[in-house]
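Please keep the 3D view open and find each residue as it comes up.

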Amino acid sequence: MKIMVDILQLLLLILGAPLVRGIIARFKARLQKRRGASIWRPYVELFKLLRKEDLTPPTSSAVFRLAPVLLFGCTVCVAAFIPVAHVSALLGSRGDFFLLVYLLGLGRFSLSLGALDGGSAFGGMGASREALISSLAEVPFLMGLVALAILSSRADITGMVAWTLHQNIFNISTVHILAFTSLAMVVLAETGRMPVDNPTTHLELTMIHEGMLLEYSGPSLALIEWASAIKLHAMLALLIALFGPWGMAAGGSGWGLATALLLYCAKVTVLMVLLSVIESAAAKLRMYLVPDFLGVASAVSALAVIFTMWVKR
Amino acid sequence: MPMGPIEMAFAYLLSVLGVFVPAILIVSRGARARRLAITLILTAGVAGGLVAVSSFLWQTTSLLDLSWATPFPFSFAVDRLSAFFLLLVCAVAVPVTIFASPYFDLHYSEQQRRWTWAFFSLFLLSMIVVVTASTGFAFLAGWELMTLVSAALILIEGDSPERRHNVFVYLLMMHVGAAAVAGCFFLFLPYSHSLDFGMIRAAGAAMPGGIRAAVFLSAFVGFGAKAGLIPLHLWLPRAHPIAPSPVSALMSGIMLKTAVYGFVRFAFDFLGGGPWWSGYVVLVVAAFTGLLGILYAIAEHDLKRLLAYSSVENIGIVFLGLGTSLIFLAHHSLLGAGLALVGALLHAFNHAFFKSLLFLGAGAISSSTHTVDLNELGGLQRRMPVTGAAVLIGCCSIAGLPLFNGFVSEWLIFRSFLAGSSLVDAKAGIILPLMVGILALIGGLAAACFVKAFGVAFLGRPRSAEAEHAQEAPLGMRVGLWMLGAGCICIGILPGLLLRPLVSLVQVLVPGAGVPEETLSIAYIIPWIAAIVLGTSALAALLRPRARMARTWACGLPGLTSRMQYTSTVFSKPIRSVFAQVYRPDRKVEQLPTDQPYFPASIAYQSVRTTSYERVLYRPFVELFISLAHRLRRLQTGNIQIYLLYIFLALVSLLTFLRFQR
């Protein structure tokens, strides 16, 4: 029973991911006074790409073909860590957050290598910029999670979520606010959203993530796009689970699960609206201001860790 | 004392490496003698591995006593700590030997090969002596032999002035370190009355605090110089690039670990944890070592220098674990101490595997392209797929990615930092969790560094004719590489193989220490994660059966050349600009002609990275030393009567001294 719920949650994260992208695009279009495409558009695009043939550059090696596959595998595995509507996840209670962060790292590592294997300037450019941003983003990511882990005395995601669930909503500590701030900034950087990266650009001066995908086409591109959609969805779900788990089902009753699922949809919609507002209002940072952005996130997360000393005692 | 099978195997190992192999190579020349010698080295490596495993299981104490042959007590014993490091030495030495055989055949003349193999064997012997010695004299003898033989191995390849200078720096720093290590033993002597390890251990707890602190600091400096802790790391990026690749692999893979062994032996076994501040000192130095090491590594485009700096970084990670363990010990929190120590020892073991793998990979690259400059390489994965795959495993491991061995040890150290929050002491309770940020930054930069190293060397288009015509490495090299690569994956996916034994080691080393049960669950979860990741990847691979070749996108223009690719230098540029304060490059731009700044005929650009502490820390020392030497030179008049006078004065003062001693 429990394992079925866990698998359903994982499937929700994986299959619902393109929808999240579609809805964000729709919100952004509305904010810009456009009608915007259908929210189901990303699914159509995935199917279209999956039916096309795969093109590989003549100079590339097996790494080029393996990279998208491994990226997809890692992202799915990360999604298996995150509780959505029920306080459990396939790997949630066994693996801890260090594993989660480093699995994302493995996916990024393979995609960067795939980009370099294309043999063009764009791949190297994307990989080089991604290397800078991701190595700096890892600090606030881990430190923000460490602050929560210290508060809850647990290192596994479900343990942390279960602890927060038992707290009073109005009894939130400074640590939570600081950790949320830093992790929200990290989510923007990790998923390549504004103001760190512009997901819609194809201008070589500005693109980071898109630069790495330039040589990919067909099913490989579909896998990468799907993986980055899953990553976005999983990161939003992680924020919700860590900082707003109230309403999540803990028992096994069907009604509890259904209401928890509805609540999850509402919460994720709030985050999507926030994201599209940020994306429409903020300008992309210059490349060399991104370290400052992440430096602020690191400082905030360090404060969160330091404040745990007072909150805990 | 009757000799059991373990003692016999150990005696075989010592006599083969120390006597038979050098003797065979000196007495007879030719390929057959050399093949015999290599086979003997391999059998000795296997024997050493068996000795390590069996003495770990049965906890033998004394192995061999050679005091009858030497003026000082000279004996060997293999406790669990020694057995672990003996296993490390032998497990890495065997693949490196297999790799080295075709490598030396390709690169060296007959004469050079004989000497190289003789010294190679002695080098292995010296490291085995260091980790199994049970008297101070045997330890120091092995320690000194290790330094001298490795210097000889570097000098076999040639003796240009630059090489001599670098070897001189190496020898100098090693001897400063050796002096500090010898100092540790002498500090023990008044209390233990013997250099036997058992007596030293017994004396360790009873010594006054000041002496304990002095021993600790002296050991930290002495072993830190060998391990390459910043600012004592200067020799590492100098010695490694000029050493032949298999020797670099041994030096970086194993020799640095003997320093870790020495430090653990002194700080944990003999002293049972240092003074209360010791952990913080180690932690701060280790954090600087790790961060600066990886920042320097990422800026390098010479693959071997890059690897040398990354060794500095990894030693930093090992000492982060050791420092954390000392802090826990000082607070009598034995579970945390055990966890951090297990992490540090496992990282030392893992580093031995992936770093020697990468150095051997650099050797394979240099023997097929004659360069290790990343900016000249590229596209090697298509040309040397087997070598490339092994090197990729090494890169993933060193970047600390899950499913590879580097991750497991870094994870344990991360968890020990997290466990630090439970300490009552506010200082430790804040500092240790904050170290997560430091290790995260080190890990992130290491991933960036090795994306660059592998991506630029092996992927994309070749950047030079040599890389274009590269050939796959010979069979022996590939076998050596893959043995190490298999080790990396094996420990990475089944960490339980080493975790359980390490926990029992730590329990013996630090009485009462252990590891929180929940952290051992990593051994069960990693295989599951591997299954999920690989299973999903396999399913995803089914989604796209066919592929067609098409030209790389060149913005619609014909003729994409390899010069348009990102080079190693450009790849690291963003990181170098963000951390410009660390590098402080000396830039020089020359435009000609100078009177027409907007229409230059030629522009020359030069950027030299200076290591600022070299200027700040070492220059004053060197200058002081030279000026002292100049003053001392006045004593050296060259007049024989004056020298006789010195001898006479020395004699008189000694006699007077003895008279007053009575």
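1. This is a predicted model. In its largest nonpolar core, which holds 352 residues, the members that touch the most other members are A:Ile82, B:Leu86 and B:Val89. The element that gives the most to this core is helix 17 of chain B, spanning residues 426-458, with 21 residues.

2. Leaving aside residues up to four places away in sequence, B:Val89 touches B:Gly48, B:Met127, B:Ile128, B:Val131 and B:Ile254.

3. For chain B as a whole, the secondary structure comes to 26 helices and 5 strands. Its radius of gyration is 26 Å, close to the 26 Å that the globule rule gives for 662 residues, so chain B is as compact as a globular protein of that length. Along the principal axes, the C-alpha atoms of chain B fill a box of roughly 95 × 70 × 65 Å, and 54% of the 662 residues count as buried. Among contacts in chain B with a separation of 6 or more, 80% are accounted for by residues 24 or more positions apart.

4. How do helix 12 and helix 17 of chain B pack, and at what angle? Helix 12, residues 303-330, packs against helix 17 at an angle of about 160°, and their axes are 11 Å apart. Because angles over 145 degrees count as roughly antiparallel, helix 12 of chain B is roughly antiparallel to helix 17 of chain B. The crossing of these two helices is left-handed. Residues of helix 12 that take part include B:Leu306, B:Ile317 and B:Leu320, while those of helix 17 include B:Leu432, B:Leu439 and B:Ala453.

5. Turning to where the chains meet, the contact takes 68 residues from chain A and 64 residues from chain B. On the side of chain A that touches chain B, the elements that each supply at least two residues include strand 1 (54-56), helix 3 (62-79) and helix 9 (218-243), but helix 5 of chain A gives the most, with 18 residues.

6. Is A:Pro245 buried or exposed? A:Pro245 is found in the loop between helix 9 and helix 10 of chain A. With 23 other C-beta atoms within 10 Å, where 20 or more are needed, A:Pro245 is buried. Its C-alpha atom is separated by 8.2 Å from that of A:Ala162, although these residues are 83 residues apart along the chain. Not counting residues up to four places away in sequence, A:Pro245 touches A:Val161, A:Thr164 and A:Leu165.

Conventions: Residues are numbered from 1 along each chain as its sequence is written. Chains are lettered from A and ligands numbered from 1 in the order in which they are written. This is a predicted model: local features need pLDDT of at least 70, side-chain atom pairs count only at pLDDT 80 or more; totals for chains, interfaces and linings use all residues. A nonpolar core is a set of buried Ala, Val, Leu, Ile, Met, Phe, Trp, Tyr and Cys residues joined through C-beta atoms within 7 Å. A residue is buried if 20 or more other C-beta atoms lie within 10 Å of its own, exposed if 12 or fewer, and partly exposed in between; C-beta atoms are placed from the backbone. Helices (H or I, at least four residues) and strands (E, at least two) are DSSP runs, numbered from the N terminus. Two residues are in contact if their C-beta atoms, placed from the backbone, lie within 7 Å. The radius of gyration is taken over C-alpha atoms; the globule rule is 2.2 Å times the number of residues to the power 0.38. Axes are lines fitted to C-alpha atoms, for helices over the stretch in contact, and angles run from 0 to 180 degrees between N-to-C directions. Angles under 35 degrees count as roughly parallel, over 145 as roughly antiparallel, 65 to 115 as roughly perpendicular and the rest as oblique. A crossing is left-handed if the near helix is turned anticlockwise from the far one by less than a right angle, and right-handed if clockwise.
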